[in-house]
Amino acid sequence: MSFLVQYDLLLYLAFGVCVFFVSYKWLPSFLRFAYDKTTSSQKEIIEIIEKMRIQKDHKKTVMYLWLLSLAMALIPVVITLPHFLVGLSIGIVSFFMTWVGVRSVMRSLWTRYCYTVVEQMLEGMVLMANGMKVGLSVTQSMERVIEGMKGPLSSEFTLVLNKIKLGMSVEEAMREMAERVPMPDVIMLVTSVNILKETGGNLAETFAVIAETIRSRQKVESKIRALTAQGMMQARIISAVPVVIIGLLYFINRSYAVVLFTTALGWVCLVIIAVLVIIGGKMMRKVATIDV
């Protein structure tokens, strides 16, 4: 430890040289990259809100996102005072991580929305098949689903019918639904309806087959989720361990934890920890994720 303290000045100098070189070489590119990422995250969040048809003012949503990210950037600056540079560095990371976190949450909500559509399709296809058997058209069968069910599927069918009433063809309206909810079962439904409307065929039997296919797929997916749930939980726990240990050390013996945030060696250790946690989390998540 005394050896490291003795050469701490050299570490500061080396760290400063690295920061200067990186700033001189890649700062404009980094700022452009950060601006593009922030803008793309903002657009993606707004697009997901529109797809889920959440009635929110876009300007207010953007304002709330910026206020949240700025608040998350300001909190580390206040906590780490009087070490302003340390707080500023953590605050910058927190600012961009807030955008990434909000985008990840919205993606998760949208994924759950899409899976809910697929889960409701099982009952919806049965209703549509029964409607086709008694002589109803595709649009009339959709109206039966809307009347008998609530949730994302009913909302999607309502949007399809509204577009048909405005003059769009059934094929085009269904194709847009597949683009909004790009799930294999939805694409299978849209493709089947469009092909059979052009070539002719038994739509009632097709809907029954689709319902059976969805039922079989859901059984397989439920088994896979049960088998991979433990691996996903282990990945989350292991990724959170370094953060929890640093937090506990800060409250138990603050003088030891402060070294990580106030010395060049500590900054290097934090960077190494962050990189290893990200790489490990990505690898464990990839191993535990199985596409059906």
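Pro184, Asp185, Met188, Leu189, Ser192, Val193 and Leu196 of helix α8 are in contact (heavy atoms within 4.5 Å) with Leu203, Thr206, Phe207, Ile210, Thr213, Ile214 and Arg217 of helix α9. By class, this contact of α8 with α9 holds 9 nonpolar, 3 polar and 2 charged residues. Ala, Val, Leu, Ile, Met, Phe, Trp, Tyr, Cys and Pro count as nonpolar, Asp, Glu, Lys and Arg as charged, and the others, Gly among them, as polar.

The model is predicted, with local features needing pLDDT of at least 70 and side-chain atom pairs pLDDT 80 or more, while totals for chains, interfaces and linings use all residues. Residues are numbered from 1 along each chain as its sequence is written, and side-chain values use heavy atoms, leaving out hydrogens and water.

**Whole chain**
- The protein chain has 11 helices and 0 strands; helices (H or I, at least four residues) and strands (E, at least two) are DSSP runs, numbered from the N terminus.
- Of its 292 residues, 32% count as buried, meaning under 20% relative accessible area, with exposed over 50% and partly exposed in between (1.4 Å probe, protein chains only).
- Among contacts in the protein chain with a separation of 6 or more, 62% come from residues 24 or more positions apart.

**Helices α8 and α9**
- Helix α8 (residues 184–199) packs on helix α9 (residues 203–252) at an angle of about 165°, with the axes 11 Å apart.
- Axes are lines fitted to C-alpha atoms, for helices over the stretch in contact, and angles run from 0 to 180 degrees between N-to-C directions.
- α8 and α9 are therefore roughly antiparallel (angles over 145 degrees).
- α8 has 16 residues and spans 22 Å from first to last C-alpha, close to the 22 Å expected at 1.5 Å a residue; the expected span is 1.5 Å times one less than the number of residues.
- Buried residues in α8 are Asp185, Val186, Leu189, Val190, Ser192, Val193, Asn194 and Leu196.

**Helices α5 and α6**
- The axes of helix α5 (residues 138–148) and helix α6 (residues 152–165) come within 9 Å and cross at roughly 145°.
- Thr139, Met142, Glu143, Val145 and Ile146 of α5 meet Leu153, Ser154, Phe157, Thr158, Val160, Leu161 and Ile164 of α6.
- The contact of α5 with α6 has 8 nonpolar, 3 polar and 1 charged residues.

**Leucine 74**
- Leucine 74 lies in helix α3 (residues 58–79).
- Leucine 74 counts as exposed because its relative accessibility is 52%.
- The C-alpha atoms of leucine 74 and glycine 91 are separated by 6.1 Å, the two being 17 residues apart along the chain.

Methods
Angles under 35 degrees count as roughly parallel, over 145 as roughly antiparallel, 65 to 115 as roughly perpendicular and the rest as oblique.
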